[in-house]
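Subject: Structure handover

Hello,

Here is the structure we talked about passing on. Please load it before you read the notes.

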Amino acid sequence: MDLFDYNRNKQLKKEAPLAERMRPRTLEEFVGQEHIIAPGRMLYRAIKADRLSSVIFYGPPGTGKTTLARVIANTTKSHFEQLSAVTAGVADVRRLIDEAKQRLGMYGQRTILFIDEIHRFNKAQQDALLPHVEAGTIILIGATTENPYFEVNSALLSRSTVFELYPLKEKHLKEILKRALADKDRGLGNYAIEITDDAIDHIVNMADGDARSVLNALEIAFLTTPPSDDGIIHIDLGVAEECIQRRALRYDKAGDNHYDTISAFIKSMRGSDPNAAVYWLAKMINAGEDPKFIARRIVICASEDVGNADPQALLIAMAAAHAVQFIGMPESQIILTHAATYVACAPKSNATVMAIDKALSDVKNKRDTGVPDHLKDSSYDGEGKLGHGVGYKYAHDYPEHYVKQQYLPDSLIGTVYYEPSDNGYEKHIKDYLTHIGIRTSSES
């Protein structure tokens, strides 16, 4: 590093955002994630002893993934290299691996390679790492906001330990904010600042577990609020509300939160909790989720989880799906809420799901004895010599428009696929089938 590089780096550190300046440098300064980094925990011991093996840190933004990597860099005697998967390619990986081999051969020094956003590496790029992680040429630290079990090669995963980081708790965020206010070296401790409890509560609440959002909001408040006549920068609730007006929503339409949120939405409707269903619906709407996607999930739930317990549910869900395409947002949020709450409050039955699953299994696994002759189409039987349709009883010719006869193949006579529940309208179906002599249970 020459003098110009030194001066540039020194200036960058001085002018870096508050969130960057306040990154913890040691394990003792690290806040939160006690489930993996508290004294005595495996990761804590491995970092302290400088015996780290390859790891992947997985969690939402602002929870400490990159910070943990920096702490390791400050603690280890190994050589530390960092890449961003957003800008790096296979050539960069190979160059660092060649350097790591030389370093290990000449000095016996290990190399830790930290790859931020590792999920952005494609398969070829991840494959380029694999033999060197396996051989111990490099110790890999990967950081990702996406589920590594979907986004990282299974072979690479099997050679790494995955640590999940959770959104920080309010007490952690308040500690981080107050530490930044007090720190005279890297924070705002050299300035006369007074911040109200209401302002702190608002910033912490709106940050939604993201330490970076807390520090960014504090920095904006500090930079945009002039000192009062007493020379003190007063940050009250009004200032805080201007600095962080919208919650830092953890939602990516192509990522884990997309699937987790839609899963919670469906399970809330299935579980007959309209309040939870509306909350998850609101989260998706606020994140800009495609309303047609939401409508399709409601339609599926109306059939899969409500079914014949309330046949109206599917009609309402389908009407909502058509209306969403016809109306558009923002009014479609009312239509989606209408359908979601109806499905959530409807009586539930998955009898139709069980019926088709069982029938498909029999179609695939049991011998097909063919359509009984009396059910066959007689229109192509010529002069009736094949016996197609002979003996068929036309239901409408009999009392109550029903007559008992065989409809299943010979090999499946007596099999029950559809077992209606006692919920909602399905109980009427069950009662009717029992009345005309159709079995409604596979139990003898």
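Below are the notes on the sheet, its helices and some backbone details.

The model is predicted.

Sheet first. Five strands form an open sheet in the order E2-E3-E4-E1-E5, with parallel pairing. Its edges are strand E2 (79-84) and strand E5 (161-164), each of which pairs on one side only. From one strand to the next, the twist averages 15 degrees.

E2 and E3 share 6 bridges in the parallel sense. Ser-84 stands opposite Asp-116 in E3.

Two helices to look at here. H6 (residues 90-107) packs on the sheet and touches E2, E3 and strand E4 (138-144). The direction of H6 makes about 175 degrees with that of E2. H7 also packs on the sheet, touching E3 and E4. Its angle to the direction of E4 is about 130 degrees.

Now the backbone.

- Glu-117 is not a glycine, yet its phi is positive, about 55 degrees. This residue lies in the loop between strand E3 (111-116) and helix H7 (123-135). Glu-117 is partly exposed, at a relative accessible area of 22%.
- Ser-272 is not a glycine either, and has a positive phi of about 60 degrees. Its loop runs between helix H14 (256-270) and helix H15 (274-286). With 38% relative accessibility, Ser-272 is partly exposed.
- Met-329 and Pro-330 are joined by a cis peptide bond, with omega about 10 degrees. Pro-330 sits in the loop between helix H17 (312-327) and helix H18 (332-345).

Best wishes

How values were computed: Residues numbered from 1 in each chain as written. Predicted model: local features only at pLDDT ≥ 70, side-chain atom pairs only at ≥ 80, totals over all residues. Heavy atoms only, no water. Helix = DSSP H or I, 4+ residues; strand = E, 2+ residues; numbered from the N terminus. Buried < 20%, exposed > 50% of the residue type's maximum accessible area, 1.4 Å probe, protein only. Pairing = 2+ DSSP bridges. Axes fitted to C-alpha atoms, helices over the stretch in contact; angles between N-to-C directions. Contact = heavy atoms within 4.5 Å.
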